Amino acid sequence: MKTVARVSALALLAALVCAPVPAPAAAPAALTGPQVGSPAPNFTLRTLDGKTVSLNSYRGKTLVINVWATWCPPCRQEMPDLLTSYAKLSKTGVAFLGVDTTEEAPIIRAYVVAKGVPYAQAVDSAKTFQKDYDVQYFPTTYVIDARGILRARYIDIIAARQLSQLTDAAKDGRNGEIISPLQTKVDATLADPGLPAGADATAIVAYAKHADGAISKAEDLLGDSDAAKGNSTDLLRTRVEEATLRDRAIAALGAAAASDTDKILLTRMQGDAARDRERWSDALAAYRATLALDAKNEDALSGVAFVAARLNQLAVTIDADEQLATLSPDSVDAQVELGIVYGRANRSSDAYAAFDRATTIGKKHVDAKPGDASVVRKLAWAYLYEGRTYAKGHDPVHAKAAFEALMAWTQKLPANDIRHDMYFEEGQEAIVALELAKPVTTTTVSLAPWTGADLPGSIASTIKYRLVVADKAGKTVALHTTGVPKGWVASFCSDRVCSPFQVSVAIPQSGVKVIEFQLVPPNAAAKVGKVRVIGSDGVHSASATT
């Protein structure tokens, strides 16, 4: 694929049109949504604790808005830096607000409780914030000054140092700017080499191919962005540079494209240009023009699936995804994309069948390469989206089974794998969220390998678990263990205090309590079997096994 981004990883009719789409406007129109240096759009949102917040609620303060989701790996990766930033910047009058535009309150609450996120979290159920703030990528961070002027709009993981620089600029009434060696390299890659006056058709086609290749290279460079190392990129600035170069190539190629190959390049680039400006109908027409010339062009099919989803043309999206799945019958990704879009169309049985195919293909890949973490990770990912789709279809039994399969396959990943901790957390949080989706009236206990920072003094040989206890707010749940081998110590650690073998915990207002459960061996060589943790609120009880 080139530069067509698929957001359906959460998402065709053969084209009858081959006429070129008119070239898009000049570069200033490339950047959609709120503009840095202009007043930020107003918003009104409801937080997880039921309060209403608006832009006016933060007037007089510098405001950091972080748009995120629990399903988004970079969002989870940046959370420690956001917590560090909050601890420092909130003391200087900077306010923080998290906004989730894609999920329901229970799954958000399960995550923020587990991570101890201290600042307000709002749910954009009506999608008005997403529309007004033009949220296209996750995570996105906005910095708004005390007068309500947008001073920064940053897409990607944001490091504490970067956020501090952006808030300092906002306090001074300046727009924030990202400067890094990598961004300099991106800028150089997208520099226009120019086209000599009177260039012939051959030179024009070469120029257009260069522009298309430079944009692809710039997209690859964006993947090297590392905020933690001070080498981040400005995605929005890069998009403007890409649009400028692409527009010039389209304008030149429009009069020179003679062969079908040239026209395929022209129409596909026109589709990309319209897509980046959110001119969805124009983009769809251009991609269809590409497919009229090359019915199996995967870039154009991906483009159709993307923009048709934005136009709420689910039938068109499904058709494109079905064609992509047919072209790549051994692809887990293609089946997962198809399952997701079937789910959006409420074609539940088709969605479940697609996920069955995805997991079957994934298991085949694991059998072929049992030591390859990437194929295990892909299979776990398929189970993650299968569970979400079952949950959306109000089938908690199969959803829970899928999330448990996610955690089981995640256990086969190396502990330092890039998805190891996140998939464990997501699986457990999703299971907890299934319980929180209905009024919590009974005790729920869930165990997963520990993924957080160790408590001070933890011993390396200790086996650690993330114990989640859910019950009605205000209830006291007594926890104890069975099956602990002789000589071992079972320890419940919460609020920086540890209790051996048993403990009573008060359930907070959120309805969820996260505890570090430890099994401490008598020596490094000792082996432990199955240990059961039992929780009871005096009326109801539940258990989980290690």
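Predicted model: local features only at pLDDT ≥ 70, side-chain atom pairs only at ≥ 80, totals over all residues.
How do the residues of the lining of the second largest pocket divide into nonpolar, polar and charged? Residues are numbered from 1 along each chain as its sequence is written, and side-chain values use heavy atoms, with hydrogens and water left out.

Back to the pocket. On a 1 Å grid over the protein atoms alone, a pocket is an open set of points with protein on both sides within 12 Å along at least five of seven lines, a cavity is a set of points where a 1.4 Å probe fits but cannot get out, and lining residues have an atom within 4 Å of a point. The second largest pocket holds about 440 Å³ of space, where a volume is the space filled by probe spheres set on the grid points, joined across faces, edges and corners. Its lining counts 19 residues, and Glu404, Met407, Leu447, Ala448 and Thr545 are the closest to its centre. Here is the answer to the opening question: ten nonpolar, five polar and four charged residues make up this lining. In this count, Ala, Val, Leu, Ile, Met, Phe, Trp, Tyr, Cys and Pro are nonpolar, Asp, Glu, Lys and Arg are charged, and the others, Gly among them, are polar. Strand β8 gives the most to the lining of this pocket, six residues. Helices and strands are DSSP runs numbered from the N terminus, with at least four residues (H or I) for a helix and at least two (E) for a strand.

The largest cavity has a volume of about 50 Å³, and the residues lining it include Ala110, Gln428, Arg466 and Val514. Helix α16 provides the largest share of that lining, three residues. By class, the lining of the largest cavity has six nonpolar, one polar and two charged residues. The second largest cavity contains about 30 Å³ of space, and Tyr58, Lys61 and Asp145 are among the residues that line it. Five nonpolar, one polar and four charged residues make up the lining of the second largest cavity.

Next comes a sheet. Strands of a sheet pair through backbone hydrogen bonds, either parallel or antiparallel. In this model, seven strands form an open sheet with mixed pairing, in the order β2-β1-β5-β4-β3-β6-β7. Its edge strands, β2 (52-54) and β7 (150-155), each pair on one side only; two strands pair if DSSP finds at least two bridges between them. Strands β3 (residues 62-68) and β4 (residues 94-100) run parallel and are joined by seven bridges. For Trp68, the bridge partner in β4 is Asp100.

Two loops deserve a stop. In the loop between β5 (120-123) and α3 sits Lys127, which has a positive phi of about 65° although it is not a glycine. Pro139 lies in the loop between α3 (128-132) and β6 (140-144), and a cis peptide bond with omega of about -5° joins Phe138 and Pro139.

Let us finish with helix α7. The end C-alpha atoms of α7 (residues 235-253) are 26 Å apart, which agrees with the 27 Å that its 19 residues should span at 1.5 Å a residue; the expected span is 1.5 Å times one less than the number of residues.
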